[in-house]
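Here is a structure to be read alongside its sequence. The text below goes through it region by region.

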Amino acid sequence: MVPPSQPSLIVGYVPGGTPAKWARHWTQRHPQVRLELTTIPAAEAAEAVRFGTVDVAVLRLPTDTSGLAIIPLYAETTVAVVAADHLLSAADEVTAADLADQPRLVPLDDVVDWPDAPGTPAEHRPENVSAAIELVAAGAGALIAPQSLARLHHRKDVTYRPIVDAPTCAVALAVPEGPQSALVDDFIGVVRGRKPGSSRGQTDPAPKRTAREKTLAKQAARAAAGKVARKPGKPGKRSR
């Protein structure tokens, strides 16, 4: 176990976020730095970075990004979550028009930025996505959500289908605005795929050799090239 006195980096991520790959790369490069992963509600992710509760956060856009620097990561497919026996489950994908006459469940923690989303919003707003999917399973309506959330709350009695003409759900990395600490900058490098030996990575470049070291290296290489490997006790052939 890494002693608590050693440096650490706290990475927050919203439900459905996938920081595991970056965490593996970080551990390989910085085994001396403890990486803490913590799930935070989507509505609180930006504030957690601003207040220093976490050092960086994987969050969904749009959100209030004042005081933050935002690094776009990827865009998620938006899906319709329906009961497993729903008529729409027979299709591989659906359109907004397919959902126009469906009751639509809108949880209080809804993260899909689609003001004119299809369907008739239900009067009751479930507390969260998990509660909304409970209602979907009971046949109360459909839920529009990012694909990762549909996967996170997967159940046998519900399924989901991509909505081909829906806006995507943007995911980004948020860090404090202004100069970054070395650890935060290194994590940004991991997320962006920066090589460990890059000029902004933590790993220092190999020091340049002096002229004498270069000369000695060349002499050693020539000497090695001039040697003939022989098996013990077996002399080489004499030239005729």
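Leaving out residues up to four places away in sequence, Q102 touches H86, G119 and T120; contact here means heavy atoms within 4.5 Å. Q102 sits in the loop between β5 (78-83) and β6 (103-105). Helices (H or I, at least four residues) and strands (E, at least two) are DSSP runs, numbered from the N terminus. With a relative accessible area of 16%, Q102 is buried. Buried means under 20% relative accessible area, exposed means over 50%, and partly exposed is in between (1.4 Å probe, protein chains only).

The model is predicted: local features need pLDDT of at least 70 and side-chain atom pairs count only at pLDDT 80 or more, while totals for chains, interfaces and linings use all residues. Residues are numbered from 1 along each chain as its sequence is written, and side-chain values use heavy atoms, with hydrogens and water left out.

The protein has 6 helices and 10 strands. Of its 240 residues, 36% are buried. Among contacts with a separation of 6 or more, 70% are between residues 24 or more positions apart.

After α5 comes G193, whose phi is positive, near 80°.

How does α1 pack against α5, and at what angle? Helix α1 (residues 20-29) and helix α5 (residues 182-192) pack at about 125°, and their axes are 10 Å apart. The axes are lines fitted to C-alpha atoms, for helices over the stretch in contact, and the angles run from 0 to 180 degrees between N-to-C directions. The angle makes α1 oblique to α5. Under 35 degrees counts as roughly parallel, over 145 as roughly antiparallel, 65 to 115 as roughly perpendicular, and the rest as oblique. The crossing of α1 and α5 is right-handed: a crossing is right-handed if the near helix is turned clockwise from the far one by less than a right angle, and left-handed if anticlockwise.

On the α1 side, the contact is made by W22, H25, W26 and R29, and on the α5 side by L183, D186, F187, V190 and V191. By class, the contact has 6 nonpolar, 1 polar and 2 charged residues. Ala, Val, Leu, Ile, Met, Phe, Trp, Tyr, Cys and Pro count as nonpolar, Asp, Glu, Lys and Arg as charged, and the others, Gly among them, as polar.

Strand β1 (residues 8-13) holds L9, which is buried at 1% relative accessibility. Leaving aside neighbours within four places in sequence, L9 is in contact with W26, V33, R34, L35, E36, D55, L183, V184 and F187. The C-alpha atoms of L9 and L37 are 8.7 Å apart, although the two residues are 28 residues apart along the chain.

Charged pairs come next. A salt bridge is a side-chain nitrogen of Lys or Arg within 4 Å of a carboxyl oxygen of Asp or Glu, and by this rule there are 6 salt bridges. E36 forms one with R34, with the closest N and O atoms 3.2 Å apart. E36 is partly exposed at 30% relative accessibility, and R34 is partly exposed at 23%.

The side chains of R60 and E76 also meet in a salt bridge (2.4 Å, N to O). Because R60 lies in strand β3 (residues 56-60) and E76 in strand β4 (residues 68-76), the pair ties together parts 16 residues apart in sequence. Both R60 and E76 are buried.

A salt bridge also links the side chains of R155 and E134 (3.2 Å, N to O). R155 lies in the loop between α4 (147-152) and β9 (158-162) and E134 in helix α3 (residues 129-137), so this pair ties together parts 21 residues apart in sequence. R155 is partly exposed, with a relative accessible area of 24%, and E134 is partly exposed, with 45%. Salt bridges that share partners join E134, R155 and D157 into one network.

The loop between α3 and β8 (142-146) contains G139, which is exposed at 57% relative accessibility. G139 and A84 are 55 residues apart in sequence and 9.4 Å apart in space, C-alpha to C-alpha.
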